[in-house]
Amino acid sequence: MTATIQQFLLIMIRMTVFIAISPGFSHKSFPTLSKVALAVGLSVPVMAVIEPFQDELATELFIAIGLKELLIGMALGYITLLFFTAVEIAGSLVDFQVGFSMGATYDPSLGVNVSYYGRIYYWISIMIFFIANIHHQVITSLVESFTWAPLEQLSFTHIGVEGVVHLFGHMFSTAVQLAIPLIIVALLSELTLALISRTVPQINVLILGMPMKILVSLVFMFIFLPTLMQNIGELFPDMIKHMNEWLFSLS
């Protein structure tokens, strides 16, 4: 195995693992052949801008670098995954309050059980991800990662685990902030039903409650949709920032 082929395979490992994890590129409706073609298409330009290997790597060193590239690709993909997961969690919180969580079904395209608002929030985030050209910035950061974490580098002064754990907690607070408007609407509708049941005891609140909360949540969903899209759009630049900060911590 020549040094050039070894270098190309190592680049492919980082690219392929990232594409397989990042929600913007790993959707099951996206053909596997297209994912491989995308990884190859991104790896070729990287080969032209980084320093080529002068000598062929030993088998043990090649495996060690390959494992390192696997971990870096997984970490970068996981950072992007957290942001999409935060948006989906926000929709799930709304579903739980409205009552849609009982109707959660298995989505083969996502590979998990999802509820209605969770699915809506997720697809809104995917739409904004591509319309706002965030995917271009993500690919740029992925290519630049070979500058901050070169292939031949095996020792790192800082792994950046603390930053990923902090980001994990930050995503939960972000999910609550995205879901708060519709959660408040659902709580107010329940308060209204409670007042109705006390005022007019003849009305069956159990039968009236579920359709009313669904209708009210849908109406306010459309009212809050521009604000929701703006909040999700403001969330994605943080994805690029955290990717770059984690890469910078490795150098």
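Here is a short chat about the predicted model shown above.

Colleague: Hi! How many helices and strands does the chain have?

Modeller: Hello! This predicted model has seven helices and two strands.

Colleague: And what pattern do they follow along the sequence?

Modeller: Reading along the sequence gives α-α-α-β-β-α-α-α-α.

Colleague: Thanks. What percentage of the residues count as buried?

Modeller: Of the chain's 251 residues, 42% count as buried.

Colleague: Which residues have the most contacts inside the largest nonpolar core?

Modeller: Those are Tyr121 and Val138, in a core of 61 residues. The elements giving two or more residues to this core include helix 1 (3-21), helix 4 (116-131) and helix 7 (205-250).

Colleague: Which helix gives the largest share of this core?

Modeller: Helix 3 does, with 14 residues.

Colleague: Back to valine 138: what is it in contact with, leaving aside neighbours within four places in sequence?

Modeller: Valine 138 is in contact with Phe18, Phe25, Thr80, Phe129, Met239, Ile240 and Met243.

Colleague: Where does isoleucine 184 lie?

Modeller: Isoleucine 184 lies in helix 6.

Colleague: Why does isoleucine 184 count as partly exposed?

Modeller: Because its relative accessibility is 42%, and partly exposed covers the range between under 20% for buried and over 50% for exposed.

Methods:
Residues numbered from 1 in each chain as written. Predicted model: local features only at pLDDT ≥ 70, side-chain atom pairs only at ≥ 80, totals over all residues. Heavy atoms only, no water. Helix = DSSP H or I, 4+ residues; strand = E, 2+ residues; numbered from the N terminus. Buried < 20%, exposed > 50% of the residue type's maximum accessible area, 1.4 Å probe, protein only. Core = buried A, V, L, I, M, F, W, Y, C linked by side-chain atoms within 4.5 Å. Contact = heavy atoms within 4.5 Å.
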